[in-house]
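Here is a short briefing on one structure. It covers charged pairs, aromatic rings and a sheet.

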Amino acid sequence: MSEHRRKPPQPQGGGRAAARRAAQQPTPGRRAPSTHSSAPGAGRGEPPHGSRPGARRGAPPGGPGGRRRSPEQGLGGRGRRDGGRPGAKRLIDYPRAGKTGFRRWLLSWKLTAGLIISFVALILGSVGVALAVVQVPSAQKAAVVQKNVYYWADGKQMVVAGGGSLNRQIVPISQIPVAMQNAVISAENASFDQDMGVDPMGIARAVVKMAQGGETQSGSTITQQFVKNTYLSQEQTLKRKITELLISVKVGATQDKKDILAGYLNTAYYGRGAYGIQAAARAYFDKDCADLTPSESAFLSATLNGPNLYDPYGGQGPAATPEKNTKRATDRWKWTLDREVQVGRMQTPDHDKWVAAGFPKVQKPKPATNRAGQIGYLTDLADNYIVAHSKISKAELDKGGYQIYTTFDRDKVDALSKSVEEVRKANIKPKVRDVDQFVQFGGASVEPKTGKIVAIYGGENALEHFTNNADYTGVQVGSTFKPFVLAAAMTHGKRNPALGPKQGDGQRTVVSPESIYNGNNKVTLRTYNGTVWHDQDGKEWHQPNDGDEDKGLVTLRTAMQFSVNTPYIQLGMDVGTDLVQEAAVKAGLDKDQLASLTPTFSLGTSAPSAIRLAGAYATFAASGKQVDPYSVTKVEKDGKPAYEHEEKSAQAFDSNVANNVTDVLRTVVESGTGTKAKLGDRPVAGKTGTTDGNRSAWFAGYTPQLSTAIGMYRVDPNAKKQEFLSMRGVGGQPTIHGASFPAEIWADYMTDALKGKPVLQFDPAQPIGQKVFGDGASPSPSAVPSTTPSAPASPSASPSKSPSASPSPSGSCAPFDFKCKFGGNGGNSGNGNGGKDGGASGGPGGPGGAGDPTESPSPSGNRRPPNGGGGLFGGQNN
């Protein structure tokens, strides 16, 4: 055999493809095996499977022709993005190569570390850019003084006032006493000299709170407060908080601590319209800030914590009375002095000296001279409304720059002031009679159906008398509260004595104004089921009438006409004082201004403001449509809207219920205790009110176009202990009633206010309810005059010409002494006195709204409304 015989062809190249070709070449001298000799191509050298795809399918797994990938191949085989190059790696190995199952989707530590580093780098880069972009605030720019412009309802300018009434003056740190610096640092930020301008933990807490929609928190360091005061708005949002943080870091890194402290003290708000320490020193102590003592400095540092709550002369809202503010300010002042010693900024001997000297003497507020007369009361009322109903804070409002459009009618404001002053000048002579000293009047006039407050009388002069008498004063309203009892009786009805206290509408009897009740003096008070009511000491209650007069069996109309107490205190028990309260609130009274639910609640132991009372009576004038009183229509700043009033109303009572209340109150004016309020041929509905001890007198009434409430009382504003004083002998009269000076003022004002207006009629009342008989009333009312709606009854008895009230359990009541005013000495078996028109300060502590005899809270319990009374607009946004 030749050594040069032909060799089989050699594979061209390597790889699996070459291996397959080599495998398909038959070995020389050996016949290719064939298991399918009959297959096409058999014996012609073709692959046994007929084609390459078939050979691949027939190749054993893992054999030369197999297609299974090894784990090491991963994504490096066919379909790899790197083209299948052996050993190639991806920039980001995810999903992870060489892993199976869920492990393919787990981040490797390298990838995790890379992501963290990238995120941190991104944040640091963003912060760096932000720090480079943000501007450091300017204290001088923040000290620009602006004023607010107020407008009458007709669009004419009322006054330019507020907003920097005490001009801000930037003073250098050298003129701010070290004592003031130490007081603020000790109380606000003890680590000020060492921190970097922010409190990271405090910021984190604030961010989490705001992100969760919880209580907002402000910056906790002096630097952050300085930044907020000078550069940012007062809004509490996540965006503002982040901005504050960035600027604070930059300020802390670029400015000297002394400059930051001076900037904060020069831009902070101290109350009384004072921005900056120099204005504050003048506002509270009438001196330059350089002359402040350590004690005065400690007090001023307290005002930074919330000036409305720390001014000893009081602030806005029920929580800011002079008494409460003085206590808060004294406690904070003492704490600040203690804190200065604790952090090493005051020596103990100096501390003891200032504590022994007592709380510093703070001067009275000095309103701007352009707010004399009623203007100051009007602008304050508008300010209160804005703060309570918009996103504008008191501090922002005091910065100025707003155009405020009010509902006040200049002619009506002047007419109301004129009517009060004419009565005062003719009758109140403090130089002749000592008892004529400290007499106060307050009043308000509200449009039914719209709620616009068109006029108020807040006092003689806003520059001399600082309390707005038209707003909350704590003065009880007496029998002007009785219409709400009647409205509840005509809405819900008298409970069935045979059934339990929780009764549905089908288990009550709706009460007609012609229902009969016992009007005799000191009738035994009973629960709705007829059992004698007892207080917690087991004593009965016998409500007196004015002058201890017996009126016999009377209709509810007649009882309202002559202000008989006993029918209405029993009616309140029959209906449930809780439902009487509900009716009063639905009419428009503020629940925070209402007394606790004792039996005498129905006789007017509550103390709503003149504005609220006029607004609630306006609900009856509008056939049950209730609209909250308001004083501001819109607010603008820089030509853009900052607030606009939205009209809202609700149907408080069925129209026929409201119209029947009006019909009964017309009887009072036409032939009852309110005849002095007649307006000729104009229909008038109204009610008189006088309280125990003759401490207050009211007349509230309305026509279809206007509702007005006038109150009168005595209180010494300069007395250390504020008390309501008796008005017996005022104006030379034995006693003062709602039918006297208040009704006279009301009629004179309404005559002017409605001059030239058309004479409109009230919507007619339709018969309502059933004639029911109260406890002790005969089911045979033949001797009782009965009247139909719109036909006033003839008096069944003449009102007392010289009514006299029984002696009061105490000589006087403090304006905010609700224990005294709301029944702190009750349950004396009828020895208290309800006054001519109700309102017994010695009234019984008593059952809850259901009149259940088992519910008898202590008569000496807390008679204060839940939140202390609350002003017209529910207090202050601090």
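Asp311 forms a salt bridge with Arg272, the closest N and O atoms being 2.8 Å apart. A salt bridge here is a side-chain nitrogen of Lys or Arg within 4 Å of a carboxyl oxygen of Asp or Glu. The model is predicted: local features need pLDDT of at least 70, side-chain atom pairs count only at pLDDT 80 or more, and totals for chains, interfaces and linings use all residues. Residues are numbered from 1 along each chain as its sequence is written, and side-chain values use heavy atoms, with hydrogens and water left out.

**Salt bridges**

- By this rule the count comes to 24 salt bridges.
- Asp311 lies in the loop between helix 11 and helix 12 (322–342), and Arg272 in the loop between helix 9 (257–267) and helix 10, so their pair ties together parts that are 39 residues apart in sequence. Helices (H or I, at least four residues) and strands (E, at least two) are DSSP runs, numbered from the N terminus.
- Asp311 and Arg272 are both buried. Buried means under 20% relative accessible area, exposed over 50%, and partly exposed in between (1.4 Å probe, protein chains only).
- Arg424 and Glu460 meet through their side chains in a salt bridge (3.6 Å, N to O). This pair links distant parts of the chain, 36 residues apart: Arg424 is in helix 16 (residues 410–427), Glu460 in the loop between strand 5 (453–457) and helix 17 (482–491).
- Arg424 is buried at 9% relative accessible area, whereas Glu460 is partly exposed at 47%.
- Asp409 and Lys412 form a salt bridge (3.5 Å, N to O). Asp409 is partly exposed, at 25% relative accessibility; Lys412 is buried, at 14%.

**Aromatic rings**

- The count comes to 17 aromatic pairs. Rings of Phe, Tyr and Trp (its six-membered ring) pair if their centres lie within 6.5 Å; planes under 30 degrees apart count as stacked, over 60 as edge-to-face and the rest as tilted.
- Phe285 and Phe299 pair edge-to-face, at 5.9 Å centre to centre and 85 degrees between the planes. Phe285 lies in helix 10 (residues 277–285) and Phe299 in helix 11 (residues 294–303), so the pair ties together parts 14 residues apart in sequence.
- Phe285 is buried at 10% relative accessibility, and Phe299 is buried at 0%.
- Phe481 and Phe484 have ring centres 5.2 Å apart and planes at 65 degrees, so this pair is edge-to-face. Phe481 is buried at 0%, and Phe484 is buried at 0%.
- Ring pairs link a cluster whose members include Phe481, Phe484, Phe601 and Tyr617.

**Charges over rings**

- Lys634 lies over the face of Tyr405, 4.8 Å from the ring centre. The rule asks for NZ of Lys or CZ of Arg within 6 Å of the ring centre and within 35 degrees of the ring normal.
- Lys551 has its charged end over the ring of Phe562, 5.9 Å from the centre.

- An open sheet is formed by 5 strands in the order 2-1-3-13-14, with mixed pairing. Two strands pair if DSSP finds at least two bridges between them.
- Strand 2 (157–161) and strand 14 (640–644) are the edge strands, each pairing on one side only.
- Strand 13 (residues 632–637) pairs with strand 14 in the antiparallel sense over 4 bridges. Glu636 has Pro641 of strand 14 as its bridge partner.
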